[in-house]
Amino acid sequence: MSHSHKLVIKRSSMSRPPPPPPTTNKDQQHQNPSLQEINIKLIQSGEKERLKELLRERLLECGWIDEMKALCRKKGRNNVTVDDLVHVISPKGRASVPNSMKAELLQRIRAFLASTAD
């Protein structure tokens, strides 16, 4: 003899909170500015130039600039165009920037954005 069991699922009678109102484009832009908007803020405030100078100083201190110059000299012995040199050197250059330097710049940009939030 087999007994058939029926599973009954009851819907909860608890009221659910209403969904949050949809965010408008203006709200989203305020919360997450685009890279272009960030760049404009950095340029207008002069912060971009300060960050570029800081980066140049740090790259000089750690020997990165000298390393890239030496690599350019080595690769540029034959008839090579600037575009060819940039194409070959750029990936190595980007990859060899110390992570601590990238983190410092990111932290400074975040602090700048927090200080300029409306």
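**Exercise 1. Determine how the lining of the largest pocket in this predicted model divides by residue class.**

Solution. 
Step 1. List the lining: N39, L42, K48, L51, K52, L55, L59, R94, V97, L105 and I109.
Step 2. Sort these residues by class: seven are nonpolar, one is polar and three are charged.
Step 3. Assign the lining to helices. At least two residues come from each of α2 (35–45), α3 (47–61) and α6 (99–116). The most is given by α3, with five residues.

**Exercise 2. Work out how α2 is oriented relative to α3, and which residues make the contact.**

Solution. 
Step 1. Take the axes of the two helices: those of α2 and α3 come within 5 Å and cross at roughly 85°.
Step 2. Classify the angle. Angles of 65 to 115 degrees count as roughly perpendicular, so α2 is roughly perpendicular to α3.
Step 3. Name the residues in contact. From α2 they are N39, L42, I43 and S45, and from α3 they are E47, K48, R50 and L51.
Step 4. Divide the residues of this contact by class: three nonpolar, two polar and three charged.

**Exercise 3. Decide whether C72 is buried, partly exposed or exposed, and find its contacts beyond four places in sequence.**

Solution. 
Step 1. Locate C72: the residue is in helix α4 (residues 64–75).
Step 2. Read its relative accessible area, 25%. Buried requires under 20% and exposed over 50%, so C72 is partly exposed.
Step 3. Set aside neighbours within four places in sequence; C72 is then in contact with L85 and I89.
Step 4. Compare sequence and space for C72 and V86: they are 14 residues apart in sequence, and their C-alpha atoms are 8.8 Å apart.

Terms used:
Residues are numbered from 1 along each chain as its sequence is written. This is a predicted model: local features need pLDDT of at least 70, side-chain atom pairs count only at pLDDT 80 or more; totals for chains, interfaces and linings use all residues. Side-chain values use heavy atoms; hydrogens and water are left out. Helices (H or I, at least four residues) and strands (E, at least two) are DSSP runs, numbered from the N terminus. Buried means under 20% relative accessible area, exposed over 50%, partly exposed in between (1.4 Å probe, protein chains only). Contact means heavy atoms within 4.5 Å. On a 1 Å grid over the protein atoms alone, a cavity is a set of points where a 1.4 Å probe fits but cannot get out, and a pocket is an open set with protein on both sides within 12 Å along at least five of seven lines; lining residues have an atom within 4 Å of a point. Ala, Val, Leu, Ile, Met, Phe, Trp, Tyr, Cys and Pro count as nonpolar, Asp, Glu, Lys and Arg as charged, and the others, Gly among them, as polar. Axes are lines fitted to C-alpha atoms, for helices over the stretch in contact, and angles run from 0 to 180 degrees between N-to-C directions. Angles under 35 degrees count as roughly parallel, over 145 as roughly antiparallel, 65 to 115 as roughly perpendicular and the rest as oblique.
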